[in-house]
Amino acid sequence: MKICIDAGHYGKYNRSPADGRYYESEFTWKLHLLQKKYLEEYGVEVIVTREDQEKDLGLYSRGAASRGCALFISDHTNAVGSGVNDEVDYPAAYCAIDGRADGIGMALAQCVERVIGTRQQARIEHRRGKNGDYYGVLRGATAVGTPGLILENSFHTNTQVARWLLEDENVDRLARAEAETIALYYNLIQPLPEKRSGWVEENGGWRFYLGNTGEPVRNDWYLDGNDWYWFDGAGMMVSDNWKTGSDGTWYFLGSNGAMVRDQWVVWKNELYRLTEDGSMFEGEICLKTDNKGALREPEEVRLSKQSQLSARKRTKKRRKRKRCGKKKRLS
Ligand SMILES: [Zn+2]
């Protein structure tokens with residue numbers, strides 16, 4: 001979709017009698033650039049009638065610049081008389097007399113009413129001249145087949161409105177809301193790709209998508225509930241296999257992918273012991289039977305990670321000897 005936006009006036013034009021800092025030309029210049037920015041976020045191609053804020057251009061030619069566009073908008077603020085009038089406060093869209101911009105014109109005027117909070121309701125108007133539309137920009141737009149409208153963002157003869165429009169933050173809000181109104185009217189809101197979250201079965205395995213980014217966990221551990229899972233570079237959960245930690249510690253990922261803890265594992269016909277923190281036990285285990293003759297679970301495999309680390313500092317031989325010796329003494 002292509003839209004043509006016209007900043008209503010150039011230079012310093014139409015100063016507010018209510019607040020001397022306000023010029024309609026300066027407001028519409030700011031507004032139209034922001035409208036362009038926000039419309040482009042919806043994928044709209046936006047052309048503007050003015051390259052230069054200081055330069056005047058003919059009314060008809062500005063409208064006619066919209067050839068090939070689906071909409072022509074000329075941005076303005078209104079005035080009642082030449083003095084201050086704090087009573088009159090409403091947005092209006094002057095739509096081309098062919099009626100083709102009436103719908104979007106009303107939607108935009110209502111948008112302005114909502115954002116500024118005008119005292120009177122939004123409205124649309126049509127004004128016929130001798131040769132069709134009274135307004136030159138609309139004559140130009142209609143001549144090239146573009147639905148055209150003039151958007152009066154309420155009245156700069158109103159003190160409250162002029163002051164409101166002087167705030168950059170408000171101009172930004174207004175432009176953003178107007179772009180959104182256009183996007184809604186023309187169904188431009190493209191559905192965002194569905195953000196996946198949590199466990200997803202795909203490509204013959206499992207991935208875990210992080211809710212905040214919508215990206216799967218890759219080359220990393222993820223703690224889900226009480227269980228740790230490891231995902232490879234493709235984001236696939238690893239199962240029935242070993243994984244070394246950064247410190248060289250071996251961990252085993254069970255058939256459901258969860259890191260095995262405090263369990264015996266048979267892997268390729270060999271028996272391994274995984275401790276409570278999931279690290280593979282290395283060393284010597286002395287098995288003892290209880291009074292029924294059942295093998296008792298050896299104390300060593302219940303060692304915490306902390307004691308495992310401190311145990312590793314000792315020599316392997318001494319550790320073995322000491323453990324077995326300790327066990328003997330205890331039994
Ligand atoms: Zn104007």
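These legends accompany several close-up views of one predicted model.

**View 1. The whole chain, before we zoom in.** Let's start with some bookkeeping: the chain has 8 helices and 18 strands. Of its 331 residues, 34% are buried. Among contacts between residues at least 6 apart in sequence, 61% join residues at least 24 apart.

**View 2. An open sheet of 6 strands.** In which order do the strands of this open sheet stand? The order is E2-E1-E3-E8-E4-E5, and the pairing is mixed. Strand E2 (45-48) and strand E5 (123-125) stand at the edges with a single partner strand each, so one side of each has no neighbour in the sheet. From one strand to the next, the twist averages 25°. As a reminder, strands of a sheet pair through backbone hydrogen bonds, either parallel or antiparallel.

View 3. How many of the residues of E8 are buried? The count is 8 of the 8, so E8 is largely enclosed by the rest of the structure. E8 runs parallel to E3, with 6 bridges joining the two. With E4, E8 runs antiparallel, and here 4 bridges join the strands.

View 4. Strand E4 (residues 92-95) and E5 run parallel and are joined by 3 bridges. Alanine 93 stands opposite isoleucine 124 in E5. Helix H3 packs on the sheet, where it touches E3, E4, E5 and E8. The direction of H3 makes about 165° with that of E4.

**View 5. Two helices cross: H3 and H6.** The axes of H3 and helix H6 (residues 168-185) come within 9 Å and cross at roughly 145°. This crossing of H3 and H6 is right-handed. On the H3 side, the residues making the contact include Gly103, Ala107, Cys111 and Val115; on the H6 side they include Arg173, Ala177, Thr181 and Tyr185. What classes of residue make up the contact of H3 with H6? There are 10 nonpolar, 2 polar and 2 charged residues. Here is a handy rule for viewing helices: an α-helix has 3.6 residues a turn, so residues three or four places apart point the same way.

**View 6. Inside the largest nonpolar core.** This core has 49 residues, and the ones touching the most other members are Ile3, Ala93, Val112, Leu149 and Ile150. Which element gives the largest share of this core? It is helix H3 (residues 102-117), with 7 residues. Zoom in on valine 112: leaving aside residues up to four places away in sequence, valine 112 touches Pro91, Ala122, Asn153, Ser154 and Leu174. Elsewhere there is a second, separate core of 11 residues, including Tyr229, Phe231, Tyr251 and Leu274. In soluble globular proteins, nonpolar side chains tend to be buried together.

View 7. In helix H4 (residues 136-143), 6 of the 8 residues are buried, so H4 is largely enclosed by the rest of the structure. The buried ones are Val137, Leu138, Arg139, Gly140, Ala141 and Thr142. After H4 comes glycine 145, with a positive phi near 85°.

**View 8. Two asparagines with positive phi.** Asparagine 14 has a positive phi of about 60° although it is not a glycine, and asparagine 203 has one near 50°. Asparagine 14 lies in the loop between E1 and helix H1 (24-41), while asparagine 203 is found in the loop between strand E9 (198-202) and strand E10 (205-209). Are these asparagines buried or exposed? Asparagine 14 has 20 C-beta neighbours inside 10 Å, so it counts as buried. Asparagine 203 has 10 such neighbours, so it counts as exposed.

**View 9. The hairpin of E11 and E12.** Strand E11 (residues 220-224) and strand E12 (residues 227-231) pair in the antiparallel sense over 5 bridges. Aspartate 220 stands opposite phenylalanine 231 in E12. The hairpin has 2 residues between its strands, and glycine 225 takes a positive phi near 65°.

Technical notes: Residues numbered from 1 in each chain as written. Predicted model: local features only at pLDDT ≥ 70, side-chain atom pairs only at ≥ 80, totals over all residues. Core = buried A, V, L, I, M, F, W, Y, C linked by C-beta atoms within 7 Å. Buried ≥ 20, exposed ≤ 12 C-beta atoms within 10 Å, placed from the backbone. Contact = placed C-beta atoms within 7 Å. Pairing = 2+ DSSP bridges. Axes fitted to C-alpha atoms, helices over the stretch in contact; angles between N-to-C directions. Left-handed = near helix turned anticlockwise from the far one by under 90°. Nonpolar A, V, L, I, M, F, W, Y, C, P; charged D, E, K, R; others polar.
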